[in-house]
Amino acid sequence: MVAVRRLNDQGIHEFREWLEGGAWGSAPHELLTSPLKSEPLSAAIDVEQRSFSSRFDLGQYLNEKLQLLPFTNMAFDTGLWDWLTLFWFDQIAAPSATGKRNLREIARYSQDSGGRRWSRHVVRMSWLSVHNHGDNARYFLSTGLDRHTDVLEQIAGQQEIFGSRAAVALGAHLYWDKTANVLKRGAGGKSAGSPRRLSRFMKQIRMTYDPEAMQPEQLVELLPREFSRWREKQEPQTSAAPAAKGLLARLMKRNGTSASASSNQ
Amino acid sequence: MRSRINSTGRKKIQRDRIAILPREDGRFVCDLDVANLGLPPTGRIVVEAHRQSITERFDFGTVADPAPLTALSLRQLDIEDVTFRVKIVDPESGRLLARADRLLPNGHDEGGRRELLTVKIKDIGPEPWKVEIDAAGEPVLILNDAIPAADSRIMSDALFQALILPAAFRQVLHLLWAENEQLEQDDDSPASRWLMFAQALTNREPPDWDASDDVVEWIDIACKAFAAQHPFMMAFKEAVNGGS
C-alpha cells in the first residue's frame with residue numbers, strides 16, 4: 001500500500017512535460033514521493049497497485065478509498081488526479097516491448113480543469129461517474145482504462161447528460177443489459193437511438209424541460225420513436241412502455257436518487 | 001443554431017431581477033424578483049449552482065411564494081468558481097416556464113459590459129497560443145506562459161495581435177458552430193453574443209446552421225470584416241519590412 005499524495009505545480013509540470021515528450025520509457029514515478037514535486041493530502045489514504053477490470057472497477061475502488069476527502073477540495077484538484085494517474089500509468093497507457101506507449105490526448109492523463117476536456121481524464125471521471133451515478137455509470141464505464149469509447153464520450157462528455165441523474169439513469173435503462181451485465185449489442189454505434197442520439201435529444205429537451213424535475217416515466221415518454229427498440233429489448237415479453245417506466249424508476253431508486261433528486265433537495 | 005426562434009414560450013428572467021450574494025461561511029443569499037412576469041403562481045423555482053458536470057440544486061419555493069426551502073449552502077462546489085442558473089418549472093410536466101443562465105455571484109460580474117473573448121495565460125506546452133471554449137461556454141484565448149509579457153502584448157503589441165487575433169477570431173466562430181446546435185434570439189449565451197457580433201460585422205443574417213458551406217462562407221466574411229476593422233496587415237507589413 002502507498003500513501004496517496006498530490007503533485008504540486010512543479011510535479012504537474014514535469015509530468016506533463018514527460019507526456020508531451022511522448023511518455024517514453026519508465027513513468028516518472030519518483031514524482032509520487034518527492035517532497036519537492038508532491039505533497040501529502042489532508043487525510044491519510046492508501047492505494048495499491050492492482051489490476052482494474054474496467055473503468056467502473058477503478059471508479060468503485062476510488063469512490064471507496066477517497067471518502068475521507070472533502071468533495072470540494074478533491075473534485076477539482078489536478079494534483080491529486082494526476083498523482084493517481086501516474087501511480088497507475090502503466091495500466092492506463094501500457095508500454096509495448098519497445099517502450100512505446102499508445103498515448104492519447106494529454107487531457108486523458110493530466111487534468112484539463114479550465115477547458116471543455118474535463119471529461120476526458122481517465123481516473124477523475126471514473127471516480128466522479130461512480131460517485132455521482134453509482135451503478136448507473138456501468139454502461140459507459142464498462143471499458144478498459146486504456147480505452148475511450150463513443151458511449152463514454154457521449155454520456156460522460158456531455159454536460160447535458162452527465163450533469164443530470166435522470167438522464168444518466170435513462171441511458172442505463174436504454175443501453176445496459178442487466179441480465180448479461182454487458183452493454184447492449186449495438187449501443188456503441190452511432191445510429192438511431194444510440195447514445196450519440198440520446199445526447200442530442202437531451203440537449204434539445206433541456207431547452208424546453210428541466211429533466212431533474214421530471215418523473216422517469218415523463219422523460220421516457222418524451223423519447224422519440226427511434227429509441228423504442230432499446231426500450232423493447234429490455235423486457236420483450238411485456239409491453240414496452242410500462243416496463244420502461246418500472247425499470248427506470250427502479251434504476252434510479254436503487255441509486256438512491258429520484259428524477260428530481262439532488263444533493264440539496 | 002438550427003433554430004434561433006424561441007418557440008417554447010419560455011420567458012427570460014432579466015439579470016437585474018436576480019441578486020446572488022456570497023457569504024464568508026460558504027453559504028449564499030439569493031434575492032429573486034419573479035413578480036409580473038406572467039408566470040403561474042404554482043411554478044416551482046429552482047436555483048442551480050454548477051461547474052463543469054457538477055450541479056447543486058436548491059428548491060426556492062414557488063412563484064407565489066419565492067423563498068429557499070433548504071439552506072443555501074454549497075456542499076460540493078466552491079462559490080468562487082461556480083455559475084448559477086435560475087429555472088421556473090411547471091410542477092406537473094417539468095416544462096421550463098422561465099430561465100436565467102450564466103449568473104455570477106454579485107461582485108464577480110464585469111459591471112454590465114462583458115468580454116467577448118477572455119484571455120488567460122497558461123502552460124500549454126509547445127503551442128504559443130490556442131482557443132478553447134470553457135465549461136461555461138465562454139471562448140478563451142490561452143497564451144503560453146513562457147511568452148514574456150504575453151498578457152500585455154496581446155493588448156498593445158500590434159504584431160502580436162496581427163499574428164493571433166484574426167486566426168483566433170475564426171477559430172472561435174468555428175468552435176461555437178461545432179458546439180452549439182441551437183440558439184435562441186433571447187439567449188444570453190456567449191455563442192449568441194458572438195453570433196450577434198459577427199452578424200453586425202457582416203451585415204448579414206447568419207445562414208441555416210446546418211448548411212455547412214454557407215456557414216463557412218459566412219464565417220469567412222465575418223473574419224474579413226473583423227480584420228478590416230483593425231490594422232493587422234499594416235502591422236504585419238511593417239514588421240516584415242522592418243526586418244528585411
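## Where the two chains meet

In this predicted model, 28 residues of chain A are in contact with 31 residues of chain B; contact means that the C-beta atoms of two residues, placed from the backbone, lie within 7 Å. On the chain A side, the elements that give two or more residues are helix H1 (9–20), helix H4 (71–75), helix H10 (159–162) and helix H12 (195–205). Helices (H or I, at least four residues) and strands (E, at least two) are DSSP runs, numbered from the N terminus.

What kinds of residues make up the side of chain A that touches chain B? They divide into eight nonpolar, 14 polar and six charged. Here Ala, Val, Leu, Ile, Met, Phe, Trp, Tyr, Cys and Pro count as nonpolar, Asp, Glu, Lys and Arg as charged, and the others, Gly among them, as polar.

## A covered helix in chain A

Now look at helix H11 (residues 165–175) of chain A: 11 of its 11 residues are buried, including A:Arg165, A:His173 and A:Tyr175. A residue is buried if 20 or more other C-beta atoms, placed from the backbone, lie within 10 Å of its own.

## Chain B at a glance

Chain B has five helices and 10 strands. Of its 244 residues, 30% count as buried.

## How confident is the prediction?

The predictor's confidence in each residue is called pLDDT, from 0 to 100. For chain A its mean is 82, and 86% of the residues reach 70 or more. Over residues 233–252 of chain A, however, pLDDT is below 50. Where pLDDT is low, the predicted coordinates should not be read in detail.

## Reading the model

Residues are numbered from 1 along each chain as its sequence is written, and chains are lettered from A in the order in which they are written. In this predicted model, local features need pLDDT of at least 70 and side-chain atom pairs count only at pLDDT 80 or more, while totals for chains, interfaces and linings use all residues.

Conventions. Buried ≥ 20, exposed ≤ 12 C-beta atoms within 10 Å, placed from the backbone.
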